[in-house]
Amino acid sequence: MFDVTDHDPRRITCIQADPIIEIADAILENGDPEFVRVGDGIVTFHCANGDVSYGLREHDDLRENWIGVRSGFQEEDDAYAR
């Protein structure tokens, strides 16, 4: 979950980096490169309090989004993923 910082509306802050998220195609295609970088199957969100990266696991053509898994997250160790 992301929010705009109070001090600089051009910066985003990561409030909570969920282990698995849905990422709309529109964000990947039109996101400001200052905040969103996509390459080699990984999306990185550049936040005021640090970067958060997600591996793009599978695409849903109907919903036009990707399932992203946070870098370093081990699905088999977490009940959230089941």
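Asn65 touches Glu22, Ile23, Ala24, Asp25, Glu58, His59 and Asp60 when residues up to four places away in sequence are not counted, a contact being defined by heavy atoms within 4.5 Å. The residue lies in strand β7, which spans residues 65–70, where strands (E, at least two residues) and helices (H or I, at least four residues) are DSSP runs numbered from the N terminus. With a relative accessible area of 7%, Asn65 is buried; the term buried stands for under 20% relative accessible area, exposed for over 50%, and partly exposed for values in between, with a 1.4 Å probe and protein chains only. The model is a predicted one, in which local features need pLDDT of at least 70 and side-chain atom pairs count only at pLDDT 80 or more, whereas totals for chains, interfaces and linings use all residues. Residues are numbered from 1 along each chain as its sequence is written, and side-chain values use heavy atoms, with hydrogens and water left out.

The side chain of Asn65 is joined to that of Glu22 by a polar contact of 2.9 Å, a term that denotes a pair of N or O atoms within 3.5 Å, of which, within protein, one must be able to donate a hydrogen and the other to accept it, residues adjacent in sequence counting only if both atoms are side-chain atoms. Glu22 itself is placed in strand β3, formed by residues 20–24, and is partly exposed, its relative accessible area being 44%. A polar contact of 2.9 Å also links the side chains of Glu22 and Arg63. Beyond its neighbours within four places in sequence, Glu22 is in contact with Arg63, Asn65, Trp66 and Ile67. Between the C-alpha atoms of Glu22 and Val69, which are 47 residues apart in sequence, the distance is 9.0 Å.

Thr44 belongs to strand β5, residues 42–47, and counts as buried at 5% relative accessibility. Its side chain makes a polar contact of 2.9 Å with the side chain of Ser53. Apart from residues up to four places away in sequence, Thr44 touches Phe35, Val36, Arg37, Asp51, Val52 and Ser53. Ile12, found in strand β2 (residues 12–14), is buried with a relative accessible area of 19%. Ile12 and Phe35 are separated by 23 residues in sequence, and their C-alpha atoms lie 7.6 Å apart in space.

The cysteines were considered next. A search of the whole structure finds zero disulfides, a disulfide being a pair of cysteine sulfur atoms within 2.5 Å. Cys14 is in no disulfide, and the nearest cysteine sulfur, that of Cys47, is 5.0 Å away. Cys47 is likewise in no disulfide, the nearest cysteine sulfur being that of Cys14. Cys14 counts as buried at 13% relative accessibility, and Cys47 is buried with a relative accessible area of 5%.

For the protein chain as a whole, the secondary structure comes to one helix and seven strands, which run from the N terminus in the order β-β-β-α-β-β-β-β. Of its 82 residues, 27% count as buried. Among the contacts in the chain with a separation of 6 or more, 42% are accounted for by residues 24 or more positions apart. The accessible surface of the chain comes to about 5,600 Å², of which 47% belongs to carbon and sulfur atoms; these areas come from the Shrake-Rupley method with a 1.4 Å probe, and for residues only the protein chains shown count as cover.
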